[in-house]
Amino acid sequence: GEPIEIASGDPLTGEEIRVELEPGGQGRWRPQETVVVSGTAGRGESCDCCCPVLNFFASAESAERWLSVHPEVRGTMISMEDAIVAGRTVFGDLLKEE
């Protein structure tokens with residue numbers, strides 16, 4: 001039920017990325033062109049094969065370039081809007097008070 005702020009960096013360019021999310025799901029991010037790569041590299045538990053390749057990128061071009069130099073990653077680029085929905089779906093109940 002609290003707002004959050006995420007500070008990250010584009011793994012390819014190092015450009016700073018800031019994401020702010022409200023409890024209701026509304027979000028703001030800089031740069032405006034930020035996208036997320038979601039995928040997997042290998043088999044096993046998600047913390048070992050999915051989390052390491054789940055990254056913010058400052059632009060679609062950067063994400064596409066990163067995917068092209070990492071053929072071991074089976075992934076796709078998604079919009080910030082879709083990433084917010086996916087994150088709330090997967091992790092939304094983890095921090096709820098019982």
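Buried means under 20% relative accessible area, exposed over 50%, and partly exposed in between (1.4 Å probe, protein chains only). This is a predicted model, in which local features need pLDDT of at least 70 and side-chain atom pairs count only at pLDDT 80 or more, while totals for chains, interfaces and linings use all residues. Residues are numbered from 1 along each chain as its sequence is written, and side-chain values use heavy atoms, with hydrogens and water left out.

**View 1. The aromatic pair Phe57 and Trp66.**
Phe57 and Trp66 are both buried. The structure holds 1 aromatic pair. Phe57 and Trp66 form this pair, tilted, at 5.4 Å centre to centre and with 50 degrees between the planes. Rings of Phe, Tyr and Trp (its six-membered ring) pair if their centres lie within 6.5 Å; planes under 30 degrees apart count as stacked, over 60 as edge-to-face and the rest as tilted.

**View 2. Ser62 in helix H2.**
Ser62 sits in H2, residues 60-68. Helices (H or I, at least four residues) and strands (E, at least two) are DSSP runs, numbered from the N terminus. Ser62 has a relative accessible area of 3%, so this residue is buried. Beyond its neighbours within four places in sequence, Ser62 is in contact with Asp10, Leu12, Thr13 and Phe57. Contact means heavy atoms within 4.5 Å.

**View 3. The open sheet E5-E4-E6.**
In this order, 3 strands form an open sheet with antiparallel pairing. Strands E5 (55-57) and E6 (74-79) stand at the edges with a single partner strand each, so one side of each has no neighbour in the sheet. From one strand to the next, the twist averages 30 degrees. Strand E4 (residues 35-40) runs antiparallel to E6, joined by 6 bridges. Two strands pair if DSSP finds at least two bridges between them. Gly39 has Gly75 in E6 as its bridge partner.

**View 4. Helix H3 on the sheet.**
H3 (residues 80-91) packs on the sheet and touches E4, E5 and E6. The direction of H3 makes about 110 degrees with that of E6. Axes are lines fitted to C-alpha atoms, for helices over the stretch in contact, and angles run from 0 to 180 degrees between N-to-C directions. At 1.5 Å a residue, the 12 residues of H3 should span 16 Å, which agrees with the 16 Å between its end C-alpha atoms. The expected span is 1.5 Å times one less than the number of residues.

**View 5. Strand E2 and its partners.**
Strand E1 (residues 4-9) pairs with E2 in the antiparallel sense over 6 bridges. Ala7 stands opposite Arg18 in E2. The hairpin of E1 and E2 has 6 residues between the strands, and Gly14 takes a positive phi near 80 degrees there. E2 and E3 also run antiparallel, joined by 4 bridges. Glu20 stands opposite Arg28 in E3, and Leu21 opposite Gly27. In a regular strand the side chains alternate between the two faces of the sheet. Ile17, Val19 and Leu21 make up the covered face of E2, and Glu16, Arg18 and Glu20 the uncovered one.
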